[in-house]
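Please look over the sequence and the structure below before reading on.

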Amino acid sequence: MQPVQHCVIGVDIGGTKTAAGIVDAAGMLHASASRPTPATAGPAAILATAVGLVESLLAQARTAGLLPVAVGIGSAGVIDARNGSVVSATDSLTGWAGTPLAAHLGREAGLPAYAVNDVHAHNLGEHWQGASAGAPSTLLVAVGTGVGGSLILDGAAHTGERAVAGHVGHLASPYAYDDAGRALPCSCGRAGHLEAIASGPSISNLYRRLGGDGDAATARDISVRAAAGEPVALRALTLGAEAAGQAVGGLANVLDPAMVVIGGGVSAAGKLWWNPFLTALRAELMDPLAGLPVVPAVLGADAAVVGAAKLAFDRVNVPEETRV
Ligand SMILES: [Zn+2]
């Protein structure tokens, strides 16, 4: 009998969008699709959206002659990668805590399913097919709506004893204070954390506090205004970037990864963000880390889908005789 090519359906559940794709064992993305996440409609609706995408892609894969062997999921929130359930989540996914994510999708798909936090999935994708491919260890930090991180050691994401490892956004930052010396409130309920100064929404808040014009300015708007020479926009973007750079430099001293990969929408703002970020990062590094490679993520929106698929390929047991 001719062996068939295996594939996994990778799924990325975020606060605004749920994406999924057919990924083969060599890491090639054959097809993908996405739908808006019904983020405030409750876990049943969020799961139904993911199941709909998975079922559609399973059918496409089989029509194309591929054999789906598992489902891999990256999701926003704290995800227990051992059982694929949601430990906790912010309000961006209403009621998501406690959802048996992998068990539900696996049952609906009729396949083994595995889940991990979406930043770990992003890192696994970049480490398999992207910016850190082949690196013995890598630290990824994503600066976007939130600030997240992930460390890969020996090919696997370090998720910690309570699934919390990688929450770079909740490091204390000396930048996360207002002019009166009060710690800025953080999404985790605490204050003075990196995410409260470096995330996209935090840069928008900072821009307003500094006297910037416009209630609805997003970090993207602010980076455009900074590029056009608006001093307040440049100041807000620079402070966010310096805060992130200082924290990532400190983490590099702690972890000594082979390389650092930076992703997320805020980091896509270009050199007005990257230059102060890198200067602040390099200023923190101990001498033996002077040559540390720090590079942008390259897989874009597909990274977490590809990385979630890698997680599933690493975990699933496929009978040897059908392996390709
Ligand atoms: Zn926090």
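In this predicted model, G74 is in contact with D12, V116, N117, D118, A121, A304, G307 and A308, once residues up to four places away in sequence are left aside. G74 itself sits in strand β4, which covers residues 67-75. Is G74 buried or exposed? Because 30 C-beta neighbours lie inside 10 Å of G74, and 20 or more are needed for the label, this glycine counts as buried.

The protein chain is divided into domain 1, made up of 6-125 together with 302-322, and domain 2, which spans 136-298. The centres of the two domains, taken over C-alpha atoms, are separated by 27 Å, and the contact between them draws 15 residues from domain 1 and 16 residues from domain 2.

Which elements supply at least two residues each to the side of domain 1 that touches domain 2? They are β5 (78-80), β7 (113-117) and α3 (118-129), and of these α3 gives the most, contributing 5 residues. Sorted by class, this side of domain 1 holds 8 nonpolar, 6 polar and 1 charged residues.

Technical notes
Residues numbered from 1 in each chain as written. Predicted model: local features only at pLDDT ≥ 70, side-chain atom pairs only at ≥ 80, totals over all residues. Helix = DSSP H or I, 4+ residues; strand = E, 2+ residues; numbered from the N terminus. Buried ≥ 20, exposed ≤ 12 C-beta atoms within 10 Å, placed from the backbone. Contact = placed C-beta atoms within 7 Å. Domains from an automatic or database assignment. Nonpolar A, V, L, I, M, F, W, Y, C, P; charged D, E, K, R; others polar.
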